[in-house]
Amino acid sequence: MLAMQVSRASVEDADVQALLLRHFDLMRASSPEESCHVMEPGALLERGVTLFAARDSGAVLGVGALAQIDTGHGELKSMHTATEARGRGVARAILASLLDEACAQGLTRVSLETGSAEMFAPARALYAAHGFEDCPPFGSYAEDPLSVFMTRTL
């Protein structure tokens, strides 16, 4: 069993920033620029997101962020599990913390954008298992065959 703790984190933490940069680089390498909606770590800080990190014995295993995009509406950003920690429940634990935080902030809906490629299938399955359903683009997003938009009410 994974001895993991999920807690608030800061983009300024070097280990969190390193994992966010790995995520950024992977997303940039996997999608054309016009279809890539990943945020640089500094942009997360500027946007004032609530960031969580999962750690085991101090090592960062995964990250995820929640941004408020409208009254009552939040967006999940930068969900990423380190390759070496995949399949161990890290994303599930981070998602639970983010949904709890969304409720604590008084949000009534949480949405996300993820990729439509096969490499994103595990993420889409995770979100669907937690009540997210496909939806039209939201916020400033536009229809894109490389994107899948999902949402759920809280």
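Read along the sequence, the protein chain goes β-α-α-β-β-β-α-β-α-β-β. That makes four helices and seven strands. Helices (H or I, at least four residues) and strands (E, at least two) are DSSP runs, numbered from the N terminus. This is a predicted model, in which local features need pLDDT of at least 70, side-chain atom pairs count only at pLDDT 80 or more, and totals for chains, interfaces and linings use all residues. Residues are numbered from 1 along each chain as its sequence is written, and side-chain values use heavy atoms, with hydrogens and water left out.

**Stop 1: the sheet.** Select the strands. They form an open sheet of seven, in the order E1-E2-E3-E4-E5-E7-E6, with mixed pairing. Two strands pair if DSSP finds at least two bridges between them. At the edges are E1 (5-9) and E6 (133-134), each pairing on one side only. Strands of a sheet pair through backbone hydrogen bonds, either parallel or antiparallel. Now pick E3 and E4: they run antiparallel, joined by seven bridges.

**Stop 2: a helix across the sheet.** H3 lies across E1, E2, E3, E4, E5 and E7, at about 30° to E3. Axes are lines fitted to C-alpha atoms, for helices over the stretch in contact (heavy atoms within 4.5 Å). Angles run from 0 to 180 degrees between N-to-C directions.

Stop 3: Buried means under 20% relative accessible area, exposed over 50%, partly exposed in between (1.4 Å probe, protein chains only). Val-16 touches residues including Leu-51, Ala-53 and Val-63.

**Stop 4: His-73.** Move to strand E4, where His-73 sits. Buried or exposed? His-73 counts as buried because its relative accessibility is 14%. Asp-70 stands opposite His-73. Among the contacts of His-73 are Ala-67, Leu-107 and Phe-138.

**Stop 5: Lys-77.** Stay in E4 (residues 73-81) and select Lys-77. Its relative accessibility is 8%, so Lys-77 counts as buried. Show Tyr-141 too: a polar contact of 3.3 Å joins the two side chains. A polar contact is a pair of N or O atoms within 3.5 Å; within protein, one must be able to donate a hydrogen and the other to accept it, and residues adjacent in sequence count only if both atoms are side-chain atoms.

Definitions and conventions:
Lists of a residue's contacts leave out its neighbours within four places in sequence.
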